[in-house]
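My entries follow in the order in which I looked.

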Amino acid sequence: MLTKKNFEISLKVSIFAVYFLIFVGGLVRSTGSGMGCPDWPKCFGQWVPPVEKSELPSNYKEIFKVQGKEIADFNVFKTWTEYINRLIGVLIGFCVLSVFFFSFSYWSTSKKIPLLSFVTLIVLGFQGWLGAVVVSTNLAQWMITIHMLVALFIVFLLFLLLHMATKSAPTKTSGLQKLILITLVLTLVQIVFGTQTREEVNLVETTLKVPRSLWVDHLGIFFQIHRSFSIIIVGAHIGTLFLLWRKKTKDLLLKALLISVTLEVLSGIGMAYFGIPKFLQPIHLLLATIVVGILFHLYLSPHENEDFSALP
């Protein structure tokens, strides 16, 4: 049934699903399962991947080689981790398709909503194609970063649709919104540095035979930038949180942002000083994406008539 309530529900489910996929994608990366399925959209040429090596032909490493290179030995855990990641991506496709379907409940009042819903569906299809490119390029460094940024762009589109359906647009861009936007952009840049740092971790893991506790000592320039830039990021968030607190803006979102930023900083410290624990890697990534989602949601909300002159 085409109702506005169903549209809002489908949007919220889609937002949750995309964040869950980002978390699972982080698990795929932290467990080294990115090439668990060497082909796309099938996995080892099958719609349901094998559970044992005996189910594959004896020369499977030659058959499914990527960019002329033989793949690693079959690992059932890595294969099914990547396959489940793909299945969740398919489910998100159906979620966003439902968003597009229910968006027509706004056709008579705002044609922008169904049109933007269609754009979101197209971007999701592009993201699926990017996933295929990531596999075909054997997890090329910058392709993974682009794949991550497109996922965040989908989150922004879904939040924008939710805002258009449920909130009134601000009449002007406030000073606080400008600060939120600056903080958002800086955080996105930090995420890019983080994805590149992740590639440095992969390089150290695969090429250097050193204990995990010493990996950080062998990371390169992106890690150095990522670590130093975090000081600017923390400062920007402190300023944003302070002004939000003074304005009593979105109390629930304010607390969510404070908690997310705090946990993000703690997880970063944990990774830097405790040998980059595998369990922290997807958590660190998920928290960063939650932070930018909250910032974008706050940016879309009206923050009018601030009197910054009253601030100490």
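I began with the link of Cys-37 and Cys-43, which is left-handed, with -85 degrees about the S-S bond. The model is a predicted one, in which local features need pLDDT of at least 70 and side-chain atom pairs count only at pLDDT 80 or more, while totals for chains, interfaces and linings use all residues. Residues are numbered from 1 along each chain as its sequence is written, and side-chain values use heavy atoms, with hydrogens and water left out.

I noted that a disulfide joins Cys-37 to Cys-43 at an S to S distance of 2.0 Å, the rule being a pair of cysteine sulfur atoms within 2.5 Å. By that rule I count one disulfide. I then checked burial (buried is under 20% relative accessible area, exposed over 50%, partly exposed in between, with a 1.4 Å probe and protein chains only), and found both Cys-37 and Cys-43 buried. Cys-95 is buried as well, with a relative accessible area of 18%.

Next I looked up Ser-117, which is found in helix α4, residues 112-136 (helices are DSSP runs of H or I with at least four residues, numbered from the N terminus). Ser-117 has a relative accessible area of 1% and is therefore buried. Leaving aside neighbours within four places in sequence, I find Ser-117 in contact with Phe-7, Val-99, Phe-100, Ser-103 and Leu-161, contact meaning heavy atoms within 4.5 Å.

I turned to helix packing, where axes are lines fitted to C-alpha atoms over the stretch in contact and angles run from 0 to 180 degrees between N-to-C directions. Helix α1 (residues 4-30) and α9 pack at an angle of about 150 degrees, with their axes 8 Å apart. That angle makes α1 roughly antiparallel to α9, a term for angles over 145 degrees. The contact involves, among others, Tyr-19, Ile-22 and Phe-23 of α1 and Gln-281, Pro-282 and Ile-283 of α9. I sorted the residues of this contact into nine nonpolar, five polar and no charged (Ala, Val, Leu, Ile, Met, Phe, Trp, Tyr, Cys and Pro count as nonpolar, Asp, Glu, Lys and Arg as charged, and the others, Gly among them, as polar).

Last, I recorded that helix α5 (residues 141-166) and helix α9 (residues 280-300) pack at about 35 degrees, with their axes 10 Å apart. Their contact includes Met-148, Leu-152 and Phe-156 of α5 and Val-292, Gly-293 and Phe-296 of α9. The residues of the α5 contact with α9 divide into nine nonpolar, four polar and no charged.

Notes. Helix = DSSP H or I, 4+ residues; strand = E, 2+ residues; numbered from the N terminus. Parallel < 35°, antiparallel > 145°, perpendicular 65-115°, else oblique.
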